[in-house]
Amino acid sequence: MLPDIANRLDNIPFAGIRKVFQRANELEAQGKKVIHFEIGRPDFDTPGHIKAAVKTALDNGHVHYAPNDGIPALREALAMRLKLDKKLNYNSQKEIMVTAGGQEALYLTFLSLLNEGDEVIIPNPCFGPFGLAIQLAGGVAVKTPLLPGQNFFYDLEAAKLLLSPRTKAIIVNSPHNPTGGVLTAAQMKEVVNFACRHDLMLISDEAYDKMLYDDSFVSPATFPGMKERTVICGTLSKTYAMTGWRIGYIAAPEHIIGAAVRLQQNIMLSLCTFAQHGAVAALTGPQECVEAMMSEFARRRKLVLEMIGQIPGLALTGSPGGAFYAFPKITLPGISSGQVTDYLLNHAGVAVVDGSAFGDGGNDHFRLSYAVSYEDCRIGLERIAKVMQMFAQRSL
C-alpha cells in the first residue's frame with residue numbers, strides 16, 4: 001500500500017490562476033485564440049543589458065554555488081536601490097538576503113517568524129499564497145476586509161475586533177494584487193500606527209513598488225521606528241520583466257535575516273549564481289527600460305479603464321493606481337463571477353480570474369491583468385462587452 005501524502009497538504013489547493021491558465025492552453029492547443037488576461041506577469045522581454053550580464057557571467061565561469069544569502073554584489077545593489085528609491089538604510093551583509101522570487105521571500109519570512117498557531121492579519125481579497133504560506137508555516141491567516149472606496153484600504157476597525165493574544169503580524173501589499181489599489185501615505189501611516197499600537201510585526205509585500213501611475217511609493221519601513229518592525233519582501237520579477245529568473249529578496253532586522261538564511265541553507269542552499277549577476281545589472285544599470293514599460297502599461301490601463309466603464313453589468317470602485325490589474329465588480333443580479341469567468345474562457349476565449357480565487361472578499365469580481373498587448377486588451381474587452389450584454393439581457 002502506498003503511503004498517504006502529508007496532512008499539512010490537505011487544505012492546500014492548486015492555485016485558481018493555474019487552473020485558468022491550463023484551460024486556456026488547452027483551448028489554444030485546439031486552435032482557438034485566447035486573450036490571456038489571467039497572467040500576472042509583464043509580457044515584455046527582459047532588457048538586453050541584463051541578459052548580456054548573464055552571458056558575461058557564464059563566460060567568466062560564475063556557474064558554481066553562491067553564498068546562501070546571495071552574492072555580495074547583489075546584496076550591495078539591493079541596499080543601494082533601497083537607499084536611492086526608498087530612503088532606507090540597510091546593511092547589505094546583515095540585513096538583506098536574496099531569495100527565489102518574492103514568493104519564497106514571503107515563505108521564508110513566515111517560517112522564520114511564526115510558531116504553531118500564531119496569527120497573521122491578511123487582506124481579503126489578497127494574493128492567494130499569503131494564506132497558504134502562513135498555513136504551511138504553522139500559522140493561522142486571519143482575513144480582514146478591505147474598503148473598495150478607499151483604495152482597498154484595510155478596515156482597521158474590523159481588524160481590531162479580530163486581534164487575539166496569538167496575533168503576531170499584519171501584511172500590507174501596496175500596490176495591491178488583485179485590485180491594483182495603492183495606499184496613500186496617510187493610509188500607510190494608519191496601518192503603521194495599528195501595528196505599533198498592538199505590537200505586531202509588519203510584513204510588506206513590495207512586489208509592485210515601481211508600478212505606480214499617479215502616486216509615489218510609500219514603504220511602511222520609512223516611518224519612524226518601523227524599520228525594526230518591518231520585513232520587506234521584494235522581487236525583480238515585475239519591475240524588470242524577470243519573472244522566470246526567480247530573483248527576490250528580504251530586507252529585515254539582522255536576527256530575522258539570520259533565521260531566514262538558515263532556512264535557505266536547508267531549502268534552496270543558494271540561488272542561481274549567473275542569474276544573480278544579471279540582477280546586479282538590472283539594479284545598477286540604466287532604468288529607462290522600467291520607464292518605457294510603465295509608459296506602455298499606462299497606455300493600456302487608460303484603454304482598459306475606459307472600456308470597462310462602458311460595459312453593462314461591470315463597475316470599478318475607484319481607479320487602480322498601481323500594478324497592472326483591474327478588478328471590476330459584476331453588478332448583474334443573480335449572475336456570479338464564476339458563471340461569468342467560466343463563460344468568458346470557454347465560449348469567448350478570454351481568460352480572467354474569478355475574484356473568489358483571492359478570498360471571499362473577491363466574490364462577484366474578476367481580476368483582469370493588462371500585461372498583454374494593447375491590441376489584445378482591446379479585443380479582449382470587446383469580447384467581454386458582448387458576453388456581459390448577453391448576461392444583462394438574461395437578467396432582465
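Which residue is the bridge partner of Ile121 in E4? In this predicted model, that partner is Val142.

Ile121 and Val142 face each other as bridge partners where strand E3 (residues 119-124) runs parallel to strand E4 (residues 140-147), the two being joined by six bridges. To get from E3 to E4, the chain passes through helix H5 (residues 129-136), making a right-handed β-α-β crossover.

These strands belong to an open sheet of eight, with mixed pairing and the order E2-E9-E8-E7-E6-E3-E4-E5. Its edges are formed by strand E2 (96-99) and strand E5 (153-154), each of which pairs on one side only.

Leu147 has Phe153 in E5 as its bridge partner. Five residues separate the strands in this hairpin, and Asn151 takes a positive phi there.

Met97 stands opposite Ile250 in E9, and Val98 is placed opposite Tyr249 in E9. Is E2 covered on one face or both? Both faces are covered: Ile96 and Val98 are buried on one side, and Met97 and Thr99 are buried on the other.

## Helices against the sheet

Helix H3 (residues 72-86) packs on the sheet by touching E2 and E9, and its direction makes about 110 degrees with that of E2. Helix H4 (residues 101-113) lies across E2, strand E6 (167-173), strand E7 (201-205), strand E8 (230-235) and E9. Relative to E8, H4 runs at about 155 degrees.

H4 also has a helical partner. Two packed helices are described by the angle between their axes and the distance between the axes. For H4 and H5, the angle is about 35 degrees and the axes are 9 Å apart; their crossing is right-handed. On the H4 side, Gln103, Leu106, Tyr107 and Phe110 take part, and they meet Pro129, Phe130, Ala133, Ile134 and Leu136 of H5.

## The three-stranded sheet

There is also an open sheet of three strands, with antiparallel pairing and the order E11-E15-E14. Strand E11 (325-326) and strand E14 (353-354) each have a single partner strand, so one side of each is left without a neighbour in the sheet. E11 runs antiparallel to strand E15 (residues 366-369), joined to it by two bridges. In this pairing Ala326 stands opposite Leu368 in E15.

In soluble globular proteins, nonpolar side chains tend to be buried together. Here the largest nonpolar core has 69 residues, and those touching the most other members are Phe37, Leu74, Leu236, Phe297, Phe324, Leu368 and Ile384. Another core, of 27 residues, lies apart from the largest one and includes Leu108, Ala133, Ile134 and Cys233. Ala133 and Ile134 of H5 are also among the residues that H4 meets.

What does Leu236 contact, leaving aside its neighbours within four places in sequence? Its contacts are Leu78, Ala241, Met242, Ile247, Ala279, Ala282 and Leu283.

## Backbone points to check

Most residues other than glycine have a negative phi, and most peptide bonds are trans.

| Site | Feature | Angle |
|---|---|---|
| Asn124 to Pro125 | cis peptide bond | omega near 15 degrees |
| Ser174 to Pro175 | cis peptide bond | omega about -5 degrees |
| Asn151 | positive phi | phi near 65 degrees |
| Ala323 | positive phi | phi near 60 degrees |

Pro125 sits in the loop between E3 and H5, which are the strand and helix of the crossover to E4. Pro175 is in the loop between E6 and helix H7 (185-197).

Are Asn151 and Ala323 buried or partly exposed? Asn151, in the loop between E4 and E5, has 32% relative accessibility and therefore counts as partly exposed. Ala323, in the loop between strand E10 (314-315) and E11, is buried because its relative accessible area is 0%, while buried means under 20%.

Definitions and conventions
Residues numbered from 1 in each chain as written. Predicted model: local features only at pLDDT ≥ 70, side-chain atom pairs only at ≥ 80, totals over all residues. Heavy atoms only, no water. Core = buried A, V, L, I, M, F, W, Y, C linked by side-chain atoms within 4.5 Å. Buried < 20%, exposed > 50% of the residue type's maximum accessible area, 1.4 Å probe, protein only. Contact = heavy atoms within 4.5 Å. Pairing = 2+ DSSP bridges. Helix = DSSP H or I, 4+ residues; strand = E, 2+ residues; numbered from the N terminus. Axes fitted to C-alpha atoms, helices over the stretch in contact; angles between N-to-C directions. Right-handed = clockwise from strand over helix to strand, strands pointing away. Left-handed = near helix turned anticlockwise from the far one by under 90°.
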